[in-house]
Amino acid sequence: MKNLKRFFLGIVILAISLLLPGCGGTQSTERDPATFDEFADSIFQLVLSGDELSSNYLFEDPTKFGLERYEPSLPTPSAGSVLGTLVINLYFDPLYSYDYNKLNDDQKMTYLVLDNLVTRINEMNGMNYLSADYLGSYLGYQAQLPLLLIEYNFKDNLDILNYFKYLQLIPETFKKYVDFEVEKADNGYGMPNFVIDKVIDQCESFVEEVHNSGDNHFMITLFNQKLDKCTFLSEETKDSYIDRNKELVNTSLIDGYNYVKNNLSVVYDRATNNMGLAYYVKEDKEIGKLYYKALFKDATGYDMEIEDAIAYLDENLNEKLTEYYALYNNNPNIINIASKIQLMNSTPEEQLEYYQEVIYDYFPKLNIESFPNTTIRYVDKSMEDHFSPAAYMVSAIDNYTEEFIYLNNKSIHTTDSNGNEVLDYNYLYTTIAHEGFPGHMYQNIYFKNTESNVLRKVLKNSGYVEGWATYAELFSYTFAEGLFDNDALRFLKLNDEINGIIQARLDMGIHYEGWTIEQTENYLGQYNDRFNRESPNYEADAAKKVFEQLVEIPTNSQKYFFTYLKLEDMYINVYQKMGNNFDIIDFHKTILDCGPIPLRYVEEVVNSKYSI
């Protein structure tokens, strides 16, 4: 799981979802298609009005998009309200008074995005305690907040003052998160002990690192670096702001993390379920399975029965394994050959530049004069144990000059045969492709340079975004063809695909079929040693770690691997249909032009264009 999603807006949409019990298109008068863009803009304003935090990240100049400056606030849990229900219905109901067939192509895509949002809200209604997770081991709000705050843009003096306000809001906000966990536990949805332990451990590590680092902590050093570039400030003001930041980091920020550390244990041993969603049953209603199905649809963009999705994964896994074993049987030395392949020996920055040179043989050109300046940073040591392996920080919609990628040193290093810690160059090779080119960064730059409705650039489907990045990550093996043994390259790629499918299959087993830790261990044991017919059981501690991660973040693996398989299907189907006339650049352009909408709609566009 490599990408850190900018989830401030996601929580705003979650809050909206908690307010809306149903939208059915009650309006009977058909609306003029010429007014659709105006309606979409009203939804845009609804989503972002009052959200200064998302606005700061999404836009270089929010005023150009009709947004004002708002009082800072941090996302907090919400159980919904009657007033909220009325407001949401008021805003969304007009959508269904437009005739979809009379809209232009961009409007149709926007319609589908909004309809998908409303459908998701309806399907998850009544599942508030399952869907609202603010604290977590590495995707939790508290785990990502320090990095997200230090990336807050300082475009004027008000931004800096707002940044200080966000720091001041942390203690009361984190208290609300703990209080909400108590409320969830009171209603039978308590946090599992192993998640509580990890959240507390993350908070302890962060507090300890702040104390030990002093003025060298990244929340201070990076703030100072950013402030130094603020030419609109006097030196005297900069000095006072530096002192103010140090004070707030060592008081408000630390107070918030100390509160979670010292109080989250109040819900210890209160979880009614320490396993998958399948074990949540309410009044004989399998609410956990229903929620998983809705979550799966939202995560992948596909509306299908989970049993069918399971069969789809099993079929793909068998096909990949068959090819994997065939390569081995044809050349038993392939494992040795593949293990000696080093896909890169350059720095991450140099590898990114290399990808920028080779992608245009396979992907459409970006509508830009030059590639943006990309800075690669490293996650602070205090966050390494509780942060994603890497993260692309999504750039503002109207910023075309700067991009940022974070790498986690703990994830990009490995141990060599002599026990020395060295860079894992093969992992870096695919990670840079996933986060940079032709993955997240490329896709984001491509789509924000289109004339699409801005709402489509805000309401991004995570399954499309992560599916594309995983597709790009695995496509990067193509760039190495001819430089190494092609069968060995294919062997490496198949290994990555198989591991990803296994993760996705386990997710379904745990959350829909109710697999236990023992069943997880047995399933993994089948593939632990793929060339040992006796296949020893997968290590219990490793299986436990996998099980707990999947229990904590259901369907997260589907966003990456189920969607990847669907994109791969589209590629194979078009390639087989077009034969010698297959144009890979045009194929990729078709997907990219759709933008980050649910993949089932992308598949419809692809099938229609190529008459499949």
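Helix α10 makes the largest contribution to the lining of the second largest pocket, with three residues; helices (H or I, at least four residues) and strands (E, at least two) are DSSP runs, numbered from the N terminus. The model is predicted, so that local features need pLDDT of at least 70 and side-chain atom pairs count only at pLDDT 80 or more, whereas totals for chains, interfaces and linings use all residues. Residues are numbered from 1 along each chain as its sequence is written, and side-chain values use heavy atoms, with hydrogens and water left out.

The second largest pocket holds about 580 Å³ of space. Of the 22 residues that line this pocket, Asn-153, Phe-154, Lys-226, Glu-402 and Phe-404 are the closest to its centre, and the elements giving two or more residues to the lining are α10 (218–228) and β3 (402–407). By class, the lining comprises ten nonpolar, four polar and eight charged residues, where Ala, Val, Leu, Ile, Met, Phe, Trp, Tyr, Cys and Pro count as nonpolar, Asp, Glu, Lys and Arg as charged, and the others, Gly among them, as polar. On a 1 Å grid over the protein atoms alone, a pocket is an open set of points with protein on both sides within 12 Å along at least five of seven lines, a cavity is a set where a 1.4 Å probe fits but cannot get out, and lining residues have an atom within 4 Å of a point. Grid points are joined across faces, edges and corners, and a volume is the space filled by probe spheres set on the points.

Thr-300 belongs to helix α12 (residues 287–300) and counts as buried because its relative accessibility is 0%, the limits being under 20% relative accessible area for buried, over 50% for exposed and in between for partly exposed (1.4 Å probe, protein chains only). A polar atom of the Thr-300 side chain lies 2.8 Å from the backbone oxygen of Phe-296, and the side chain of Thr-300 also reaches the backbone nitrogen of Tyr-302 at 3.1 Å.

Conventions
Polar contact = N/O pair within 3.5 Å; in protein donor to acceptor, adjacent residues only side chain to side chain.
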